Amino acid sequence: MRKNILFALLALLIASAAPAQTLVDIATNATDPSNLADSEPSIAVNPTNPQQIAVVTFSEGWTFGGTRGPMWVSNDGGTTWSKNFVLTAPTAGSGGPGDQKLAYSATGTLYVAELGLGVAVPRCFIYRPSGPNWISGAAYGDDQPMMESSGGTRLSPWLNFGVSPEQSTSERTTDDGVTVAQAGIGSTAFPNRTTRIAVGPTGAVYVIYKTRQGVSGQFETATFRVVRSTDAGVTWNTPGVAVHPGTVQTWFTSSWGNAKNGGKIGRARSSDGWIAVNPTTGAIWVVYCNRDASTFGQIYAAMSTDGGNTWSAPVRVTDGTHNSAYPEVAVAANGTVGVMYIDYDDSGAQTMYTHRLARSFNNGATWNRTALQSLTTQALSNGVNGFLWGDYEGLTAAGNTFLGVFTGQSIGRAVVQFDPIFYRVSAAPPVAIQVPAPPSFEPSCLGDKQPGTLKVCNTGAADLVITSITSSNPEFTIVSPSGGFPVTVSHDFCFPFTVIFTPTGVGVRTTTLAILSNDPSVPTLTVQATAVAGAGSLGLAPDELYPPTVIRSVGACQSSRPLVVSNKGTCNLTITNVAIGGTNAGDFSLSGLPVLPITLEPGHAVGSGDLEAVFSPTAVARERIAQATVTFVSDPATGTTSSQSSALCAEGVRTGARVLVTLGGVPMPEVHEIELKRLHGGWFGFAREVDEVKKAPLQTVTPTPGTACAFLQFHREYGAVSNSGQLVPGVYKLKIEAIIGGKEVRKATWFNVDTCGFDGTIVVDF
Amino acid sequence: MARSATALLGLIALLVLSWAAFDGQPPLGAVGAAAPSGDASKLIDMLRDPLLWGPEKSAVLDSVPAFAQAGETQIEILPHRVVGRHKYKKSGEAEQPASRALNAMKTLPRMRVQVATPQEGAQPHTLGSVSAVAFPDDRTFRVGTPDREARYIASNVRIDQVEQRFGKAEKVTTEVIDDGTDRRPIELKLYHFAKDAIIVVTADYNSDPRTVDRVLLNTKAVTQAIF
């Protein structure tokens, strides 16, 4: 019973200590029967098939003409691994790989740089595929060959111990290593070390290295610099640009860690720098070691967005509490930066070494650190003291995933030992809030409640918890979800919040929606939302001018003008009243007026267009004026009404006519004689003179300002203000005599006057 | 008296064991020689047994006195080369002792105890040129031979077979060779026999890390035992 409880407690302890990432022991009892240490792992992911991953570690060796060296391969994204003996020994004297790094080309061909153990310099080789195996090219170089491809060129920087001071050197080949050419690329002012390479999305090549400027204890004064080549390694901007101000104190020790109580240590002489390029933007990231005010060796990062010409202020990746080293950096497609490193804690009886992965989702402003695995070397059966995991390990990115390999504690092996441990970690932030678009609203009307959808998404890996959403404008309100707040959104999901737009004013309405969540990078996300609120709009002609209209006393005479009361807006319009007012309101009346109030839809008119204002004058007068006033609801939310008027102007006359004489269309100043005769017996009856005037001047009537009345000109009128004698109904002959060019000329015209007739548009033109 | 008797019995037992180890035949060339000590006997056994050695074994063993004259207390026998264990930082430093060794090769003493089989004895008895050579394991210079076609130690023999034949190693130590660059260090496991007179070594980089990678011989012990 006690044993069971202990087991349960142990299981609980293990479970609580387990990292969030899934770790896969690449080696198995079957594939690693000799329980090798599998140190200094390197990893590469096929860009054309991200499920295919290759890893090399210090596992078995090779023999010339015999056994080939191993390469670990996974074809299922790292879930399972096979150990393929495919690396052909380069020369007779070599017993196995000494240093190695692999990399896929952009087209998916895997290349490996290998140092042949037991071989005198030159001792490095670029391996290319040959059938199912890989074979070496020409020998070159000395120490720590790296590997990358820039287009069809393979590049392998290495450190040249054969010159003084030691110099970072780059090898390039355009025939996959069959022939190679080298160039010294590091500063010659100090010895170089830690030569690492990265290639950007446009093929630009970057190499980081350090200049060693004096060892003191376990640290040395150094400057990390980056050199660039934009022609696939033909030329370089040697010695490059320092990635930090001044110098740093970086590791240079053969005893990194604490070997107390039978423990083991690593070495950290070139375990202090790495470089990677953002595959999307081309921004360059470097990481390096620096002992800072914390007194611990720490990991720092810096970024360049101009091809390495200038560098951002370095930021510390680690937390300043433990000695840290062995940094590798990778950048995911979404810009997330991943840094793998090791720290150790020697405060206990046994030194605890921990592999960690730090991720920054905000260009280095903050770092999210995760322990991948912790171990004490006493518990492990193998591991070369002084070289536990090698000088470097493997970290890369494929899309938005980090894939790494480190030499850590075996998992599920019969013998607990150092093994290559693979992991993949999302580059998506743990919690990442995203609003793809602000909510959209259909055009609304005052008083409406128009819904819109606010989609809040979680592009992170963990749950997004939305605490609240508030709106700066009360016209926009967020409908609390059925379960209320907080709302939890799983990764890769969106939650559709409903936002109600209730306009209280017309026009473009805006609000700021503040979304509070557990996203550490954006604890309050603000979203600007806009909506358009419309209203009914009264359409009313400003003026109505009537033709001269015969007064009521003569007959049932009247004139009508359509009174168009319409809705020119985008929302309904309520008309509450239409009325005639003004000085001569009694002369006017409305016809076709429906029962009010009435609601007009957009584009509609009161009375469907039949509404008219009728003028039926009671007096002969030049100007009879009134206003048709329309009252409507201008603010549906409050019911507030407004009024708008249309001016009416009309002329009261008796039966008659008005004559204007023009010369070439221009009113003549004076007409020699105007004679009017009535034809008795119809159009062909005899004529009897009704009126005759000589030297009739041009008369002009100017309207009263502010009225709808019109400008008027004539030479003679009958039944109107200037000559109120009416013409009895009948047919009339009008004879005009004018003096034009000193000669008298005549013209005649006929017109008819009926009971309510007044012809105000008789124009005689010469 | 009792102590003397015990010592005498022990000596007799040792002689019997040594005799038995040589298949009941007296050691070749041992006529008239003093009986070897237990360690020497073990050493002789291991030198004689073909398990450990390649066809060119005789060339190596014949040259041991020459290396000793060059100041080497231990020689390192790899599959295709032989080097002294003394490390020189510069080539020039190794040239003089190499020259001494080369001269000594011209007047090598005859073995007092024959350890080569007739077939092994038929192979060339010289290492050829001994000079100051660069030794890739640690980037030092050694007195020794460059890599050549010869095969000095047996192929694919495992330390398990060695211990099965000669008993468990008296001790096992580890040596990590770091050449000062950032090349992977080499981890050697040293299996000590005959009070360090012969050390059988495995290396971690081999396809089978329990394969014998090299053999170390104490030049003084070997010289005393077989010359």
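1. Helices (H or I, at least four residues) and strands (E, at least two) are DSSP runs, numbered from the N terminus. Under that convention, A:Val764 belongs to strand β61 (residues 758-765) of chain A.

2. This is a predicted model, in which local features need pLDDT of at least 70 and side-chain atom pairs count only at pLDDT 80 or more, while totals for chains, interfaces and linings use all residues. Residues are numbered from 1 along each chain as its sequence is written, and chains are lettered from A and ligands numbered from 1 in the order in which they are written.

3. A residue is called buried if 20 or more other C-beta atoms, placed from the backbone, lie within 10 Å of its own, exposed if 12 or fewer do, and partly exposed in between. A:Val764 counts as buried because it has 20 C-beta neighbours inside 10 Å. Leaving aside residues up to four places away in sequence, A:Val764 touches A:Val659, A:Val661, A:Ile736, A:Lys747 and A:Thr749, where contact requires C-beta atoms, placed from the backbone, within 7 Å.

4. Chain A is divided into domain 1 (20-426), domain 2 (433-534), domain 3 (538-653) and domain 4 (656-765), with bounds that come from an automatic or database domain assignment. The centres of domain 1 and domain 4 of chain A, taken over C-alpha atoms, are separated by 110 Å.

5. A nonpolar core is a set of buried Ala, Val, Leu, Ile, Met, Phe, Trp, Tyr and Cys residues joined through C-beta atoms within 7 Å. The largest has 205 residues, and A:Ile275, A:Val286, B:Leu43, B:Val200 and B:Val215 have the most contacts inside it. This core draws at least three residues from each of domain 1 (20-426) and domain 2 (433-534) of chain A. A second, separate core of 26 residues includes A:Val565, A:Leu593, A:Leu600 and A:Val630.

6. Which residues of helix α7 (residues 159-166) of chain B are buried? They are B:Ile159, B:Val162 and B:Phe166; these cover an arc of only 55 degrees around the axis, and therefore lie on the same side of α7(B), the arc being that of the directions from the helix axis to the C-beta atoms.

Terms used
Contact = placed C-beta atoms within 7 Å.
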